[in-house]
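Please look over the fold described below. The report starts with the whole chain and then turns to single residues.

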Amino acid sequence: METLDCPNKIDTNLDGYIISVVIIDDHEIVRQGLMAMLRREDGLCLVGDASDAVTGLKLIDATNPDVVLLDIQLNNSDMDGFSLAKQIKSKSPDKIVIMLTGFDSALYLIESIRTRLDGFVLKEQSGAIIAGAIKMAYAGVGAWDTRILHRALVNRLKAHTGDTMDNLGNIKADIDLNDKERMVFNLLARGYSNKDIESTLKYTASTVKKYVYTCMKKFGVSNRTQLALIANSTGVK
């Protein structure tokens, strides 16, 4: 965790206020690149960065930023970005949280909306666009990648007309899970972390990982975050 100051920043916001920002991302090279880009943008103050969920929560408590830029996959944490965002919003409902991700995914954007986040922006965007997204979200407008948002809306419309959805939208609720897989899957649907599942079911960490992996294979997804979103949306019991 690193906390920073903001000397000689120029205020370009209409309300006479410099927006404080925290970055939470598990890849150091990404954090350093974002910080380098955003330091060149007026009206913003980077007050710190963190590489994992626990450190990120401590950083937010210590610095009370206006905006949190959050990665979806935090591979060195026991929770993903959505679970962390829910914790942040639960404690501070007015805290602005923007998903900054490398995943061009309509499913993830929809989940960001469901989680009542304030934006969804791809990491590939320029510093100026990311800075603009921060300022828009701070102003209460929201900052959503319009191309992905359009695809998400089209997918939803197709779902209502019976057409096939892409990007994991056409999810079957009748996947053949065994009893142990189904118990793990149902806890994922309730937002449980792997450690929570271990404690609830009295399983070892390796056992939980095994059942999460077999569920991923059966649903045809590549990571735990996608599986958790499917679990939440299908309501398999």
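**Basis.** This is a predicted model, in which local features need pLDDT of at least 70 and side-chain atom pairs count only at pLDDT 80 or more, while totals for chains, interfaces and linings use all residues. Residues are numbered from 1 along each chain as its sequence is written, and side-chain values use heavy atoms, with hydrogens and water left out.

**Overall build.** The protein has 10 helices and seven strands. Both are DSSP runs numbered from the N terminus: helices are H or I with at least four residues, strands are E with at least two. Of the 237 residues, 47% are buried. Buried means under 20% relative accessible area, exposed means over 50%, and partly exposed lies in between (1.4 Å probe, protein chains only). The exposed surface comes to about 11900 Å², and carbon and sulfur atoms supply 51% of it. Accessible areas come from the Shrake-Rupley method with a 1.4 Å probe, and for residues only the protein chains shown count as cover. Take the contacts between residues at least 6 apart in sequence: 68% of them join residues at least 24 apart. Contact here means heavy atoms within 4.5 Å.

Strand β3 spans residues 44-50, and seven of its seven residues are buried. Strand β2 (residues 19-24) runs parallel to β3, and six bridges join the two. Strands pair if DSSP finds at least two bridges between them. In this pairing, Ile24 stands opposite Ala50. From β2 the chain passes through helix α1 (residues 28-39) to β3, in a right-handed β-α-β crossover. Right-handed means that, with the strands pointing away from the viewer, the path from the first strand over the helix to the second runs clockwise.

Beyond its neighbours within four places in sequence, Arg31 is in contact with Ile23, Asp25, Asp26, Asp49, Ala50 and Ser51.

**Two loop residues with positive phi.** Most residues other than glycine have a negative phi. Asn64 has a positive phi, near 45 degrees. Asn64 sits in the loop between α2 (53-63) and β4 (67-70) and is exposed at 54% relative accessibility. Lys202 also has a positive phi, near 60 degrees. Its place is the loop between α8 (194-201) and α9 (205-219). Lys202 is exposed, at 69% relative accessibility.

The whole structure holds four aromatic pairs. Rings of Phe, Tyr and Trp (its six-membered ring) pair if their centres lie within 6.5 Å; planes under 30 degrees apart are stacked, over 60 edge-to-face, the rest tilted. Two of the pairs are tabulated here.

| Pair | Centre distance | Plane angle | Class |
|---|---|---|---|
| Phe82 and Tyr108 | 6.0 Å | 55 degrees | tilted |
| Phe103 and Tyr108 | 5.4 Å | 90 degrees | edge-to-face |

Phe82 lies in helix α3 (residues 81-91) and Tyr108 in helix α4 (residues 106-114), so their pair ties together parts that are 26 residues apart in sequence. Phe82 is buried at 2% relative accessible area, and Tyr108 is buried at 1%. Phe103 is partly exposed, at 30%. Together, Phe82, Phe103 and Tyr108 form one aromatic cluster.
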